[in-house]
Amino acid sequence: MDLIDRRRRRLMHGLGVAGAVTATGTWPMLGHAQNPTRGGTLRMALPLAENLEPVTMSGGGVIAIVQQVAEYLVWAEDDLSLRPVLATDWSSQDNARIWHFKLREGVEFHNGQEMTSADVVASFRRMVQPDSGSSGAAQLDFLKPENVTADGRYGVRFALDRPVGAFPYYTHVYNAVILPADYDGDFANNPIGTGPFRLTDYRPQEGASLERNPRYWNDPLPYLDRVEMDFYDGSQPQVLAMQGGEADAMLSAGYIDIRPLFEADNVRMVTQPTATHAQVTMRTDQKPFDDVRVRQAVALAVDRPRAMEVLLGSNAAIGNDHPLAPIYPVGVELDQRQKDLERARALLAEAGYPDGFPIDLHVGRLAELPQYAEMLQQMLSQVGIQVDLKIEPLNVYYDHWTEVTFGVTDWASRATPGQILNAAFRGGADWNAPKWTNARFDALLDDFEREPDPAARAEIADSLAAILQEEVPAVIGYFKDGFRPVNKRVMNLPGNMSNFLDLTRTWVT
């Protein structure tokens with residue numbers, strides 16, 4: 001079987017990629033035979049977070065709260081199909097430059113007001129304003145506010161600056177929840193959405209209480225009567241809450257922190273392969289990383305299987321210095337980069353660094369990243385690179401993460417690889433921390449975004465991955481599995497490749 005045939009077999013599963021954006025109108029149950037029961041309270045443990053503002057939120061804890069109160073046009077399932085939510089249908093014109101979305105009729109906000117195209121237009125315009133402070137604006141850099149317009153009462157038209165065949169997935173970035181057109185920017189005191197739960201109490205630094213929305217458009221959902229969400233400062237207190245019966249589920253946690261729960265009799269570990277990864281970024285516009293040989297040497301010094309074993313218990317897929325993870329159906333075919341210290345030393349010598357060099361490595365305190373940075377320090381010392389670790393609070397790190405010469409940044413999984421490729425590696429992109437520019441890569445990325453044929457798209461993906469592997473603006477060593485610890489009394493609480501939280505179908509016994 002030749003390469004194209006192998007790829008076609010992988011790609012013909014109806015996964016949601018450009019040219020095959022699929023929709024499913026049902027919520028599949030997660031293998032539980034018994035019928036759902038209504039009522040009860042779920043207690044969720046969330047990471048400590050601030051800023052309960054949908055437009056600018058970024059912390060997993062507040063995102064989880066908002067996602068119960070407000071909804072998206074679509075929801076990306078873990079098989080990469082798209083479930084219609086507030087939109088029922090979508091189509092494109094002009095080679096995926098123009099997109100039309102048909103909205104669900106009869107949906108009410110929590111205040112009884114009907115959701116219409118005016119609300120969707122206002123929500124997207126609010127998010128993509130250049131000064132909005134929203135990460136959604138960075139991810140939808142091809143959409144200007146004025147190019148989101150109403151098409152009647154129940155239709156919305158998006159005119160993009162460039163063709164994006166996977167655009168429906170971009171309507172599921174975490175900031176893109178639909179709010180009333182007259183939303184005043186104070187969600188904590190005016191939390192009005194269309195979601196399955198109503199926010200009844202928000203306590204900064206403490207948590208939130210939610211109750212079932214009796215007028216939810218998708219009756220008889222949801223099943224739960226109440227959800228209590230409590231913030232915890234770190235993973236260890238969350239694990240203790242699970243062990244002590246004070247929490248029924250955790251949003252997520254790193255493998256190192258939740259190892260005690262793998263042996264707990266009352267806990268089920270929901271796991272999900274993801275594209276979540278750490279990017280070890282190197283500023284290509286500054287010495288010593290302006291020389292590609294230095295960047296290649298760094299990549300060759302990394303023992304990927306060892307890092308996966310120590311940090312993640314091998315619950316991961318090996319990375320090859322590009323973000324096209326195995327969960328994506330593009331099927332990249334490249335030789336795997338292996339640890340090669342001899343070659344790394346030779347490249348450093350060729351670049352004028354026969355004795356290596358000193359360098360600061362910045363990393364935020366998040367999951368396994370500090371431990372990964374310590375492993376990198378040890379690995380790079382074997383080729384003469386003397387790393388001085390700068391382990392910083394997350395708020396400090398994210399104040400300058402795109403400016404540091406050498407950094408380790410966590411990238412959450414996205415439903416389509418284009419979202420990561422555009423944000424992290426397109427020349428001039430706001431989140432292009434390596435400051436790397438490659439005209440051929442950008443042109444191929446344009447082709448990748450507009451290409452409707454899955455096999456041709458896979459060929460382009462190979463070329464994109466090969467450029468990144470050769471140029472190494474960032475070392476990508478692994479794609480880690482997501483873990484969601486859940487008490488066994490909780491039914492149908494799914495994992496999610498993007499760490500999103502959908503409690504619509506969850507119930508308790």
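**Exercise 1.** State whether strand S18 (residues 474-480) is buried or exposed, and which strands pair with S18.

*Solution.* Step 1: seven of the seven residues of S18 are buried, so the strand is largely enclosed by the rest of the structure. Buried means under 20% relative accessible area, exposed over 50%, and partly exposed in between (1.4 Å probe, protein chains only). Strands (E, at least two residues) and helices (H or I, at least four) are DSSP runs, numbered from the N terminus. The model is predicted: local features need pLDDT of at least 70, side-chain atom pairs count only at pLDDT 80 or more, and totals for chains, interfaces and linings use all residues. Residues are numbered from 1 along each chain as its sequence is written, and side-chain values use heavy atoms, with hydrogens and water left out.

Step 2: S18 pairs in the antiparallel sense with strand S13 (residues 277-282) over four bridges; two strands pair if DSSP finds at least two bridges between them. Here glutamine 279 stands opposite isoleucine 476.

Step 3: strand S14 (residues 316-318) also pairs with S18 in the antiparallel sense, over three bridges. Alanine 316 is opposite lysine 480.

**Exercise 2.** Describe where glutamate 471 lies and which residues it is in contact with.

*Solution.* Step 1: glutamate 471 belongs to helix H15 (residues 454-471). Its relative accessible area is 24%, so glutamate 471 is partly exposed.

Step 2: leaving aside neighbours within four places in sequence, glutamate 471 is in contact (heavy atoms within 4.5 Å) with Val292, Arg295, Trp436 and Asn438.

Step 3: arginine 293 is 178 residues from glutamate 471 in sequence, but their C-alpha atoms are 8.7 Å apart in space.
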